[in-house]
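Trainee: I've got a model open and would like to learn how to read its side-chain contacts. Could you walk me through them?

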Amino acid sequence: MGSGKDILNDSSGSKGIVAGFMVPHPPMIVPDVGRGSEEKVRKTIESYEAVAKRIAEIKPDTIIITSPHATMYSNYFHISPGDRAKGDFGDFRAPKVSFDEEYDYELVDMIADIAFENDFPAGFEGEKKKELDHGTMVPLYFIRKYYKGGKIVRIGLSGLPLTDHYQLGMYIAEAVEELGRRAVFVASGDLSHKLQDYGPYGFAPEGPEYDKRIMDAAGRAAFGEMMEFDEDFCDKAAECGHRSFVIMSGAFDGLSVDTEVLSHEDVTGVGYGIITFSPKEPDEKRHFLDELISKLREERSKEDGYVQLARLSLESYIAGHKKLSIPDDIPDELMNILPGEIFSERAGAFVSIHKNGRLRGCIGTIAPTADSVAREIVRNAISASTHDPRFDPITEDELEWLEINVDVLGEPEDIDSIDQLDVKRYGVIVSCGNRRGLLLPDLDGVDDVETQVSIAMRKGGIREDDDYTLQRFEVIRHK
């Protein structure tokens, strides 16, 4: 960890993204909003003042701000379009605190062009609200006290994986370099919202753990670790800005980075962390997206034959538009590790697909529908990747990011009550007439049988007061 003060010594002639700042955005730290309550987080305010003064010293052409409260889509990054935008804190009873900001539309266009050339889901279509959001205005409140220059670029987050957020940061840096801009990157976002019982969102044990981990990883500029945070863990911690921080991380890909941790507070029940990032010389060991891809490929080499068959099936269908023929299309090296019973026995099977820790598709059969487990897997791999109604079909550019599990189901057996279930050992089938809901065993976040049965009932459209029956089953899970 180096001194963030090196930012001040950056020569005025250097271009690119010359500094980054991880900052929170509680409106209460604006005095007209807080009306005295802002004194509870005095360290945060003092750190914000230090950040603003550093930006004033840098005198950037452009201030890039990523905000969780800008326009957000599940599968697309929105970059605010147009020449300028206004905003104020009227929603927080302080309408006199207002902004009229000019956008760097040339840089916006360049980012969108690079995204288009790379078939990447980012651009300026579909703006929902033109007015500036508080995730953008809180940083600007401090910055504009000391620096009136520089246009802004405002970018929203998305529901896409963290790796896509990192990739967006790389494209942003490429666009800045292409135009010869001198820019700073402000990653706006609070930390966990579940740090204290008295906080607005209550307490969860994942809250303090998240704050500790993100302050440590960001404080060391360990950007690869920031991409590996489990999505379910982040959800339980009710974090706000993680994706914002990851976009900024991508903007510094391939560079050594000095950091300075200015402050971290949790007195309101919400985490506020402020860290500065000063990029230095190129470092070939810090291409974290490439490193993660290599790690995934290494893990893929350890997959057992059942998973390799599922992967081959969906890759053949998605990339080659071809359904595997069994056994003719199975390469010899895979045939050599598949057991004979996969071609002779019949069973239901589920194929579950995750991408960067998040479910991307899961479809299976309770009872066998094909003449062998192998054909059951081949069919269900295609269905899970292209026909799960909860998700868009998987695309070819996603294939290298997929994690696949195959569960081969044993025969279901009738049970009289949930007392005969074990959430780790048994899956459950809840049936009522033609309605049926199933849940596999040993799933992340399903820690008790009551939750397991409740989810299965919901999947089957079965109510508590319905006359339903229960079955349990075991699985052999292949990874």
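Predicted model: local features only at pLDDT ≥ 70, side-chain atom pairs only at ≥ 80, totals over all residues.

Trainee: Where do D133 and R154 lie?

Mentor: D133 is in the loop between β6 and α4, while R154 belongs to strand β7, so the pair ties together parts 21 residues apart in sequence.

Trainee: Are D133 and R154 buried or exposed?

Mentor: Buried means under 20% relative accessible area. D133 has 8%, so it counts as buried. R154 is at 1%, so that residue is buried too.

Trainee: How many salt bridges does the structure hold?

Mentor: There are 30. Take R84 and D100: their closest N and O atoms are 2.9 Å apart. R84 sits in strand β4 (residues 84–89) and D100 in strand β5 (residues 94–102), so this bridge ties together parts 16 residues apart in sequence.

Trainee: And how do I classify the accessibility of R84 and D100?

Mentor: Between the cut-offs for buried, under 20%, and exposed, over 50%, a residue is called partly exposed. R84 has a relative accessibility of 38%, so it falls in that class. D100, with 41%, is partly exposed as well.

Trainee: Which residue meets K151 in a salt bridge?

Mentor: That's E102, with 3.6 Å from N to O. K151 is in strand β7 (residues 151–156) and E102 in strand β5, so the two tie together parts 49 residues apart in sequence. K151 is partly exposed, with a relative accessible area of 31%, and E102 is partly exposed at 34%.

Trainee: What about salt bridges that join up into a network?

Mentor: Look at E231, D235, R243 and R358, which salt bridges link into a network.

Trainee: Let's move on to rings. What describes a pair of them?

Mentor: You give the distance of the centres and the angle of the planes. Here you'll find twelve aromatic pairs. In one of them, Y48 and F142 are stacked, with 4.4 Å centre to centre and 5° between the planes. Y48 comes from helix α2 (residues 42–58) and F142 from helix α4 (residues 134–146), so to speak a link between distant parts of the chain, 94 residues apart. Both Y48 and F142 are buried.

Trainee: Which residues do ring pairs link into a cluster?

Mentor: Y48, Y141 and F142.

Trainee: Back to charges, then. Which residues form the negative surface patch?

Mentor: D230, D232, D419, D444, D447, D448 and E450 do. For this kind of patch, a residue needs over 30% relative accessible area and no salt bridge. E450, found in helix α15 (residues 449–460), has 48% relative accessibility and counts as partly exposed.

Note on methods
Residues numbered from 1 in each chain as written. Heavy atoms only, no water. Patch = residues over 30% accessible without salt bridge, like charges linked within 9 Å, V, L, I, M, F, W, Y side chains within 5 Å. Areas by Shrake-Rupley, 256 points an atom, 1.4 Å probe, with all protein chains shown as cover. Salt bridge = Lys/Arg side-chain N within 4 Å of Asp/Glu carboxyl O. Lys, Arg positive; Asp, Glu negative; His and termini not counted. Charge placed at Lys NZ, Arg CZ, Asp CG, Glu CD. Helix = DSSP H or I, 4+ residues; strand = E, 2+ residues; numbered from the N terminus. Buried < 20%, exposed > 50% of the residue type's maximum accessible area, 1.4 Å probe, protein only. Phe/Tyr/Trp six-rings, centres within 6.5 Å; stacked < 30°, edge-to-face > 60°.
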